[in-house]
Amino acid sequence: MMNEFDRFKTPFEERYSSKEMLYLFSPNKKFTTWRKLWIALAESEKELGLNITQEQINEMKSHIEDIDFEYAKEMEKKFRHDVMAHVHTFGKVCPSAMPIIHLGATSAFVGDNTDIIVMKEALELVRSKLVAVLENLKTFALKYKDLPALGFTHFQPAQLTTVGKRAALWMQDFMLDLENLVFEHSNIRFRGVKGTTGTQASFLHLFNNDHEKVRQLDKLVSSKMGFEKVFGVSGQTYTRKQDSRIIAVLAGFAESAHKFATDIRLLANLKEVEEPFEKNQIGSSAMAYKRNPMRSERVCALSRFIIAASSNTYYTHSVQWFERTLDDSANRRLSISETFLAADAVLELLLNITSGLVVYEKVIAKRISEELPFMATENIIMESVQHGADRQEMHEQIRIHSMEAGKRIKQDGLDNDLLKRVIADDKIPLNEKDIERILNPKEFIGRAPEQTVEFIENEIDPLISRYKTNKNFEGIVNV
């Protein structure tokens with residue numbers, strides 16, 4: 001007899017994803033939505049004159065949540081058809097409505113429209129969590145907007161930036177992802193009521209060739225399910241291009257998340273910034289001192305999964321034959337649900353990381369002091385000229401001292417003594433106080449603090465204000 005530990009369980013359920021996102025892709029959400037669609041169809045058909053009673057509709061409404069999943073399994077085994085299995089399961093508790101359930105519809109009516117509803121709601125949950133991540137990063141960026149830090153190009157020391165300005169770069173990526181998400185969410189189209197090959201022939205028959213009533217039926221059902229935009233034409237299924245557009249939003253977000261988490265991993269190696277590390281957390285089973293950036297590593301792992309999984313939707317759309325082929329079904333059950341679940345898992349991690357980033361200011365200052373003398377050589381030359389020295393002579397003197405200091409660091413493993421050499425050189429007309437003034441790190445960060453504040457006020461704050469929700473995400477999903 002198998003027990004729960006003898007069967008595979010998806011890590012999304014066991015370890016990674018939130019209860020809200022898991023619910024959206026649950027059987028209960030799926031099949032209650034099917035029933036809501038059947039009710040919307042019956043109501044609309046009644047409003048347009050078909051012989052459907054209010055009692056039948058009321059009976060259906062009273063049994064939306066009353067799903068006998070075991071009976072549905074029996075019916076599916078019998079019919080080898082999931083939609084008909086659930087028609088009969090619904091009809092079992094709604095005997096008077098049984099004759100009109102799914103009237104004129106094809107399987108894609110409930111299957112496709114439910115997928116669209118779920119993806120729309122899932123995008124809303126992603127949007128809410130992404131806004132919360134931006135809010136966390138905003139707080140962090142403003143706190144450290146003035147803190148100089150060594151900048152890197154090619155992961156080699158470059159001119160200074162600030163810790164807050166670097167966070168603004170992360171925010172900007174996530175902001176662009178949010179803008180893409182908002183655009184795609186606002187342009188999601190409902191399949192609506194289209195019939196077996198999209199011609200609406202069955203509904204035209206039901207309404208005695210009244211084209212206007214068929215048009216109204218499509219609009220009524222779509223409106224009842226919360227959609228203004230509806231596909232004007234479809235095959236049996238809506239175009240799978242809509243799937244690839246939506247999942248591309250998640251892949252784009254995953255790019256940004258991977259980049260952010262990679263930066264945190266590199267900063268952790270430099271001992272400048274770390275993700276939260278709990279009191280009893282173990283970094284290594286062998287090396288007791290280790291503080292591994294495991295949350296950021298998991299963000300990278302899941303982000304790669306999302307980016308790779310997104311290609312499924314492109315392939316699926318590209319191989320749909322004419323009005324439909326069923327080789328999309330099994331693939332979509334995995335690619336759509338798991339990509340959303342992975343994105344949700346990444347967001348949960350990002351919320352944790354961004355709410356507790358640890359900054360080691362003294363380490364950052366030490367690294368600046370090691371590298372800034374080289375970066376300040378041009379400033380030293382210019383200041384020397386202001387004191388009456390010859391520019392070309394100063395350049396040569398500084399070049400010689402820089403080469404010697406570099407050799408001392410790289411070949412001898414010693415500290416950077418460039419400034420001591422400059423101060424001791426009688427040919428260079430600068431004293432220790434002159435050098436200290438020149439070497440003030442805040443003189444090398446340009447407009448980084450102002451850029452950070454302006455960016456937040458002009459671009460981040462309006463987005464947060466528009467889309468912010470309860471950070472516990474209560475009410476976003478009816479769990």
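How many nonpolar, polar and charged residues does the lining of the largest pocket have? The legend for view A has the answer. This is a predicted model, so local features need pLDDT of at least 70 and side-chain atom pairs count only at pLDDT 80 or more, while totals for chains, interfaces and linings use all residues. Residues are numbered from 1 along each chain as its sequence is written, and side-chain values use heavy atoms, with hydrogens and water left out.

**View A. The largest pocket and its lining.** About 1400 Å³ of space lies in this pocket. By class, its lining has 17 nonpolar, ten polar and 13 charged residues. (Ala, Val, Leu, Ile, Met, Phe, Trp, Tyr, Cys and Pro count as nonpolar, Asp, Glu, Lys and Arg as charged, and the others, Gly among them, as polar.) Of the 40 lining residues, Lys30, Phe31, Asp82, Asp115 and Arg333 lie nearest the centre. Two or more lining residues come from each of helix 1 (11-16), helix 2 (19-24), helix 3 (27-47), helix 5 (69-79), helix 6 (82-93), helix 7 and helix 13 (329-354). A pocket here is an open set of points on a 1 Å grid over the protein atoms alone, where a 1.4 Å probe fits, with protein on both sides within 12 Å along at least five of seven lines; lining residues have an atom within 4 Å of a point. Grid points are joined across faces, edges and corners, and the volume is the space filled by probe spheres set on them.

View B. (Helices, H or I with at least four residues, and strands, E with at least two, are DSSP runs numbered from the N terminus.) A nonpolar core is a set of buried Ala, Val, Leu, Ile, Met, Phe, Trp, Tyr and Cys residues joined through side-chain atoms within 4.5 Å. Buried means under 20% relative accessible area, exposed over 50%, and partly exposed in between (1.4 Å probe, protein chains only). Leaving aside neighbours within four places in sequence, Trp38 is in contact (heavy atoms within 4.5 Å) with Met60, Val83, His86, Val87, Phe90, Ile101, His102, Phe109 and Val110.

**View C. Thr316 and its partners.** Thr316 sits in helix 12 (residues 294-318) and counts as buried because its relative accessibility is 7%. Residues up to four places away in sequence aside, Thr316 touches Arg240, Asp328, Asn331 and Arg332. With Asn331 there is also a side-chain polar contact of 3.4 Å. (That's a pair of N or O atoms within 3.5 Å; within protein, one must be able to donate a hydrogen and the other to accept it, and residues adjacent in sequence count only if both atoms are side-chain atoms.)

**View D. Asp173 on helix 8.** Asp173 belongs to helix 8 (residues 163-186) and is partly exposed, since its relative accessible area is 28%. Asp173 touches Ser256 and Lys259, not counting residues up to four places away in sequence. Gly252 is 79 residues away from Asp173 in sequence, yet 9.2 Å away in space, C-alpha to C-alpha.

**View E. Two loop residues with positive phi.** Most residues other than glycine have a negative phi. Phe155, in the loop between strand 1 (148-153) and strand 2 (156-162), has a positive phi of about 55 degrees. Gln200 has one of about 65 degrees, in the loop between helix 8 and helix 9 (201-206). Phe155 is partly exposed at 43%, whereas Gln200 is buried at 18%.
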